[in-house]
Amino acid sequence: MVDDLTPKFQKEFQKRYRQVLEYAKNSKLDSFINKIHQYYNYIWQNNKGIDENQILKSLPNSIKYDIFMIRYNNVIQSSRFFKDDKNQLDQNIFYSFCKKFKYQIFMPDDIILTAGQEDNTVYLILEGEVEIQDITTGTVPKLESGQYFGGIVPNIPQLYTVKAL
């Protein structure tokens, strides 16, 4: 039964890809077609076109927790975000994060957050790098896999712009 699903997923993915390309052409968005190709190639190479959020949404929290622990173990182990004051994995923080987790993909040069924007989303970098431009100091540090950024406190404007590299 599982083997029968692969061609179905591939056909659905190709159909969606063609629809997006057609939309871009009809809307005279030719300058974005290369970026669309890059995005869909990335999605296919990494997830075979499967929407991780849809899969995770259909599962109970206990299974999401196990999947996240296995799939992103290196990031979890290296990130201070999930650690307690003894540098051990804090199960409560980790479990709470897994319940709210939403997988997002950002392409190079995508702006993830803009200075002045109110956003209490916490972004954990699973793969790749981002550049942080602090508007108060002008510094531009880079963050990589296992590091995080974003608003922990709600309704506070961000003091930096974050761009995917």
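## Stop 1: helix H2

Select residues 33-47, which form helix H2: its 15 residues reach 21 Å from the first C-alpha to the last, close to the 21 Å expected at 1.5 Å a residue. The expected span is 1.5 Å times one less than the number of residues in the helix. Helices (H or I, at least four residues) and strands (E, at least two) are DSSP runs, numbered from the N terminus. The model is predicted: local features need pLDDT of at least 70 and side-chain atom pairs count only at pLDDT 80 or more, whereas totals for chains, interfaces and linings use all residues. Residues are numbered from 1 along each chain as its sequence is written, and side-chain values use heavy atoms, with hydrogens and water left out.

Within H2, display Ile33, Ile36, Tyr40, Ile43 and Asn47, which are buried. Because they cover an arc of only 100 degrees around the axis, they lie on the same side of H2; the arc is that of the directions from the helix axis to the C-beta atoms. An α-helix has 3.6 residues a turn, so residues three or four places apart point the same way. On the face turned away from the buried side of H2 are the exposed residues Asn34 and Gln45. Buried means under 20% relative accessible area, exposed over 50%, and partly exposed in between (1.4 Å probe, protein chains only). Just after H2, Lys48 has a positive phi of about 50 degrees.

## Stop 2: Glu52

Is Glu52 buried or exposed? Glu52 counts as buried because its relative accessibility is 11%. Its side chain makes a polar contact with that of Tyr72 at 2.9 Å. A polar contact is a pair of N or O atoms within 3.5 Å; within protein, one must be able to donate a hydrogen and the other to accept it, and residues adjacent in sequence count only if both atoms are side-chain atoms. Not counting residues up to four places away in sequence, Glu52 touches Asn47, Arg71, Tyr72, Phe101 and Tyr103. Contact means heavy atoms within 4.5 Å.

## Stop 3: the nonpolar cores

Select Phe68, Ile76, Phe82, Phe94, Phe97 and Phe101, which have the most contacts inside the largest nonpolar core, a set of 16 residues. Helices H4 (61-71), H5 (73-78) and H6 (91-100) each give two or more residues to this core. A second, separate core of 11 residues includes Ile125, Val130, Leu143 and Ala164. A nonpolar core is a set of buried Ala, Val, Leu, Ile, Met, Phe, Trp, Tyr and Cys residues joined through side-chain atoms within 4.5 Å.

## Stop 4: strand S6

Strand S1 (residues 111-113) runs antiparallel to S6 and is joined to it by two bridges; Leu113 stands opposite Val162. Strand S3 (residues 129-134) also pairs with S6 in the antiparallel sense, over five bridges, and Ile132 stands opposite Val162. Two strands pair if DSSP finds at least two bridges between them.

## Stop 5: Gly146

Finish at Gly146, in the loop between strand S4 (142-144) and strand S5 (148-150). Gly146 is buried, with a relative accessible area of 5%. The C-alpha atoms of Gly146 and Ser78 are separated by 5.6 Å, although the two residues are 68 residues apart along the chain.
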